[in-house]
Amino acid sequence: DGAARKCMRVLLDFVKANPGGDGEGKERMVGYVAQNSVAVMADILRKYPNRFEKVVDIVCKFGVEGYDEERPLAAMIWILGEYATIIEDAPEYIQGCIDRFDDMEERCQLALLTSTVKLFLKRPDDGKNMVQGLLKKASGVVENPDIRDRAYVYWRMLATDAKVAQQVILSDKPKMADDTGKLDPSVLKTLMSNLATLASVYHKPPELFIAGGKESFEMKGHRKSDVKYDDSDSDEDEDEDEDEDEDEDEDEEEIKERKSKIKSSRKPNSEAQPAVVNILDGIMDEGPATNASPALPLVLDSTKGKGLEIRAGFSRKGGNIYLELGFTNRSNTLLDQFAIKLNKNFIGLVPESPKMSVSPISPGGTGSASHKMLIKPESANSQMAEGVIQIALKTKVGVLYFAANLGFDMLFSEDGQLAQTAYLQLWKSLPNQEADVKVPSLSVSNPEAIKSMLRSSNVFFVAIRQAPTGTHLYFSLKVKGLPVLVELTVNGTQMVGAAKSQDLSLARKSLDAIANKIR
């Protein structure tokens, strides 16, 4: 600690003796000694946080803009962000650095991104405009992937939860410490021998973290006591040759012994061996998983979408309908603002809010959104085509128009389950008129598979009956508050369906939706 104080005094004297001037160009530059002194001071401040705050403000007064060396400039920028609450003019200093952002080296640009975010988190009113402008430039204009990645990480953290971002970015850093020489010499020797293994990462011999693993080995070398010196040059040469021959023989025997052990360990055991588990099984398979959601259909290509390719469809989650969107940005514009509006449609579907939550999509990037919908009967238009929802999407490239198909099964509610007795009573009470459908060739004819497929669409199984005409499956569902009763008769790959409801048109549409799902 005492040495650190002395170093700070000396370094501060260097800074005071080589300040930046008030002119332009070279006359404004901070001296070389002063610049590198600031770089060393930053290291001391990292080592001893909250110890030399008074020095920080003095350093800034002796010149901030006159830095032309990469390491000192990055150190100065770090100081501005780390001590933004102490340095009164920190916003002006950082703004000056932002103006020179394009001319900076990568190390300085990364430091400036972090310091600007720190300034915003510590002094929101002073840093709001700066952080927005810099993140937009770093994520949309700069080509360096490291800078773009850091900008996107900060952008996502600030947009999601500023409090969490504050806890992460402004958290206390671990103290810098030197653990050299703390390892036991015998352990260090073992780790050096196993340098190419995970032992050198964990700082432990292999047998301590691998159950049943190989034992660590040590490098063998000549000991000084094994080396004998002789005054005769010829005798010395002969002894060396003999020693080398003996060493080679010992090495060959050791290698043969190791090979025999390896071969014996690889011989199959007569007892049954446990099956080998492939931890990557299924991850790289090209075929889709059985429970994977289907790919969204393309509704607008990039030519008509002014560089934005859009895929769209609908899903039902938790009793609500959601518009699912997939974006591919083939334009040269960063897309970070989306708003949506639906034309009047056959059921009165409207977005819960016009503004959509979509993470910024850089040129060449992709994005997605899941936007909640509401059904308002007063907004319905019976003249519009059934199953088609016309959509307008406002983006930075303009207003885009497209249509997405809404399957009638999206209207099946989650409370459509009926017990067998209630099903029979309702079936008898409904009019004899039924909706019917015939499917000559089914893609799925197994009753269990049909039950599972329809259950995912809120079509609930009630009963099953075997008859000479085939397998009779009975289901119930609910649409717009009205129950619909369905009977499916499966005979081989053929199916005949019937449905009853108080509203025959609902029964017919429901039955058609079911048939299309298993057709």
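Modeller: Let's begin with Asp43, which counts as partly exposed at 33% relative accessibility. Bear in mind that this is a predicted model.

Biologist: Happy to. Why is Asp43 called partly exposed?

Modeller: Buried means under 20% and exposed means over 50%. Asp43, at 33%, lies in between, so it is partly exposed.

Biologist: What makes Asp43 and Arg71 a salt bridge?

Modeller: The rule asks for a side-chain nitrogen of Lys or Arg within 4 Å of a carboxyl oxygen of Asp or Glu. For Asp43 and Arg71 the N to O distance is 3.1 Å, so the pair qualifies. Asp43 belongs to helix α2 and Arg71 to helix α4, so the bridge ties together parts 28 residues apart in sequence.

Biologist: How many salt bridges does that rule give?

Modeller: The count comes to 14. One of them joins Asp336 and Lys396, with the closest N and O atoms 3.0 Å apart. These two sit in loops, Asp336 between β3 and β4 and Lys396 between β7 and β8, 60 residues apart.

Biologist: Why is Asp336 called buried?

Modeller: Its relative accessible area is 16%, and the cut-off is under 20%, so Asp336 is buried.

Terms used: Residues are numbered from 1 along each chain as its sequence is written. This is a predicted model: local features need pLDDT of at least 70, side-chain atom pairs count only at pLDDT 80 or more; totals for chains, interfaces and linings use all residues. Side-chain values use heavy atoms; hydrogens and water are left out. Helices (H or I, at least four residues) and strands (E, at least two) are DSSP runs, numbered from the N terminus. Buried means under 20% relative accessible area, exposed over 50%, partly exposed in between (1.4 Å probe, protein chains only).
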